[in-house]
Amino acid sequence: MPDFHQPILLPTLHHLAETALEEREALLKELSLEKPVALVIPALYAELQRPALPRMLKQLTGVPYISQVIFTMNGMNRRGYDRARAFYAKRLPNLRHTVLWNDGPELTSLHREVDTLGTRRSGPGKGGNVWMGVGALHATGHRGVIACHDSDILNYDREMLWRLCLPVVHPGMGYVFAKSYYGRVRERMYGRVTRLLVFPLIQALREIFGSTPLLRFLAMCRYPLSGEFAADSEFLRKIPLAADWGLEIGMLCDVFRHAPAQRFCQVDLGSNFEHKHQHLGYDPVTGIPDATSGLMRMAREVTRALLDHLWADLGFSAEPRKLERLADTYLAIARMLLTRYAHEAMFNGLEETSAEEMGAITVFAKMIQEVSSECPPAPPTPSTLPSWNTVSQRLPDLGPKLCSIAVG
């Protein structure tokens, strides 16, 4: 039976029926005359050699309502940049597109200018790439809707894109932000940072500090770390973005604070997403984590971003002893959820992964203890890249420079 549960704080659009792709795309094409749709795709240069991105581009060639695509990339040199431009030109001959070279000399110079504002150090990386792609669209005059999705979706289908965009484009819905959710199941359950860290951590924070409106909202998100969203471009100008793996959780917190009530939603993209799977980032024998790679790096940056955003809401400075309980409370809740995940696996005939996941939550608990002990006695300094409204006010020459790069 289709799921149609509606959380109070978060309108949820479910996949309740099979809808004709041509009909939905024709509707979006008509609506996009008033609200043009642009797509931002952050990518490493290495994705050009992997199977997901070429498949995605083949799907995008038939989409009739996309006005332009920004490929915002890093991990390449001049030769790689030239190859990337040729790669996209061959596969998208009839779709307007731009390749941004985030670790190239021109954009590196712009990142350094942003550093003078004293916020998070700017530079290439997923969050920084998304931020620069959004900025390029603003600088070149795009007004309408900006959608964003990852470049490593192995089973990408263009139906996912209309589901993501329609709630923000359609005037009868009026949402300013739509966040995706989907399954991550194949022979086993994936989505490990979301399942094993974020869900129990949010519940632990609620048990210790009380259920604030922001924590209630985050608890209703079906997939807080999904990389796909669509947003009204003017609304997105107001939102700062984390430069690292804190991008998704930080964006949710800022959307909750800045969006009018009931004008953000989460959308079922109607599929099990198949991304590349990262290693956990710790030695399964010794339990020693590598904080610079794998899911451990992601987990630390997500935890840091979440606690930074919750600092004022939860009063960490007034009740530091409560924060000292966070790791133990998290571990107790995570162990309880592991039992449920084991039952899910048995019920569905999936691979048993309890031992591996017990090791993961043990390492995550140690990481949470370390990060929570670093929380300052005063509100943390801003750790995000500034909103593009702020950039326009404080660095008025940066937009025209970015425009010349994007159109050149």
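Me: How many aromatic pairs does the structure hold?
Reply: Ten. The model is a predicted one.

Me: Take Phe71 and Tyr88. How far apart are the ring centres, and at what angle are the planes?
Reply: The centres are 3.7 Å apart and the planes are at 15°. That angle is under 30 degrees, so the pair of Phe71 and Tyr88 is stacked.

Me: Where do the two residues lie?
Reply: Phe71 is in strand β3, residues 66-74. Tyr88 is in helix α3, residues 78-91. The pair therefore ties together parts that are 17 residues apart in sequence.

Me: Is Phe71 buried or exposed? And Tyr88, buried or exposed?
Reply: Phe71 is buried, at 0% relative accessible area. Tyr88 has 0% relative accessibility and is buried too.

Me: Which residues form a cluster with Phe71?
Reply: Phe87 and Tyr88 form one aromatic cluster with Phe71.

Me: Now Phe217 and Phe264. What kind of pair do they form?
Reply: An edge-to-face one. The centres of Phe217 and Phe264 are 5.2 Å apart, with 70° between the planes.

Me: Which elements hold them?
Reply: Phe217 lies in helix α8, residues 213-220. Phe264 lies in strand β8, residues 264-272. So this pair ties together parts 47 residues apart in sequence. Both Phe217 and Phe264 are buried.

Me: New topic: charges. Where does the charged end of Arg195 sit?
Reply: Over the ring of Tyr341, 4.6 Å from its centre.

Me: And what does Arg188 lie over?
Reply: The face of Tyr190, at 5.2 Å from the ring centre.

Technical notes
Residues are numbered from 1 along each chain as its sequence is written. This is a predicted model: local features need pLDDT of at least 70, side-chain atom pairs count only at pLDDT 80 or more; totals for chains, interfaces and linings use all residues. Side-chain values use heavy atoms; hydrogens and water are left out. Rings of Phe, Tyr and Trp (its six-membered ring) pair if their centres lie within 6.5 Å; planes under 30 degrees apart count as stacked, over 60 as edge-to-face and the rest as tilted. Helices (H or I, at least four residues) and strands (E, at least two) are DSSP runs, numbered from the N terminus. Buried means under 20% relative accessible area, exposed over 50%, partly exposed in between (1.4 Å probe, protein chains only). A charge sits over a ring if NZ of Lys or CZ of Arg is within 6 Å of the ring centre and within 35 degrees of the ring normal.
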